[in-house]
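Take a look at the protein below.

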Amino acid sequence: MELIRGPNGVCLPCQPGEPGQLVGIIIQQDPMRSFDGYLTQGASQKIARDVFNKGDQAYLTGDVLVMDELGYLYFRDRTGDTFRWKGENVSTTEVEGILSRLLDMADVAVYGVEVPGTEGRAGMAAVANPTGSCNLEHLAQLLEKELPPYARPIFMRLMPKLHKTGTFKFQKTELRKEGFDPAIVKDPLFYLNAQKCRYVPLDQGAYNRIQAGKEKL
């Protein structure tokens, strides 16, 4: 979620009913509010500057909240956990929950991937499938009842296990970077065939057709 700033350069507070990101002010002189940095490289993007006042710093939690007229806050979503496909917003948290339930509570990470010639990002799901028992044909049938067409994952990646961060969140950055290229991804890949309405293996030929816009998604 992009921070919206006013004419003075600091962030604008949200009004009741407007979604906004929860931030925490950083005060290095206060041991309860100081911040020594991240172990993970590149995580400095989670620190915003000039949030409440010029020159200050704040930690971006990634939690999107909405405040009502009485000042009560309600969780809405996670930043980066929403992507747009076919003109609709898709919540990865919602899709992950449904997929996990349909797959006997398997670990599932959902994220958006870029497809040439299309607007937005197509949904892709990485599924922990250590026993190789995932029935994608049956899953496709269930998803027709559980999710609207725009929210159904276009691509599936079956993995032995999903890696998590130190705070037990799925590591999606590398998954998103690898995408659905079978030349890079060595795990079994599948895509939702629009004509057959089921998941079929994604080999190099299918990948090339998708890249060239010859395969309808």
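## A patch on the surface

Tyr72 sits in the loop between β3 (57-67) and β4 (73-78). Strands here are DSSP runs (E, at least two residues), numbered from the N terminus. The model is predicted: local features need pLDDT of at least 70, side-chain atom pairs count only at pLDDT 80 or more, and totals for chains, interfaces and linings use all residues. Residues are numbered from 1 along each chain as its sequence is written, and side-chain values use heavy atoms, leaving out hydrogens and water.

Tyr72 is exposed, with a relative accessible area of 52%. Exposed means over 50%, buried under 20%, and partly exposed in between (1.4 Å probe, protein chains only). Leu70, Tyr72 and Tyr74 form a nonpolar surface patch with about 400 Å² of accessible area together. Such a patch joins nonpolar side chains within 5 Å, from residues with over 30% relative accessible area and no salt bridge (Lys or Arg side-chain nitrogen within 4 Å of an Asp or Glu carboxyl oxygen). Areas come from the Shrake-Rupley method with a 1.4 Å probe.

For Cys11, the nearest cysteine sulfur, that of Cys14, is 9.6 Å away. Cys11 is buried, at 16% relative accessible area.

Terms used: Disulfide = S-S within 2.5 Å. Patch = residues over 30% accessible without salt bridge, like charges linked within 9 Å, V, L, I, M, F, W, Y side chains within 5 Å. Helix = DSSP H or I, 4+ residues; strand = E, 2+ residues; numbered from the N terminus.
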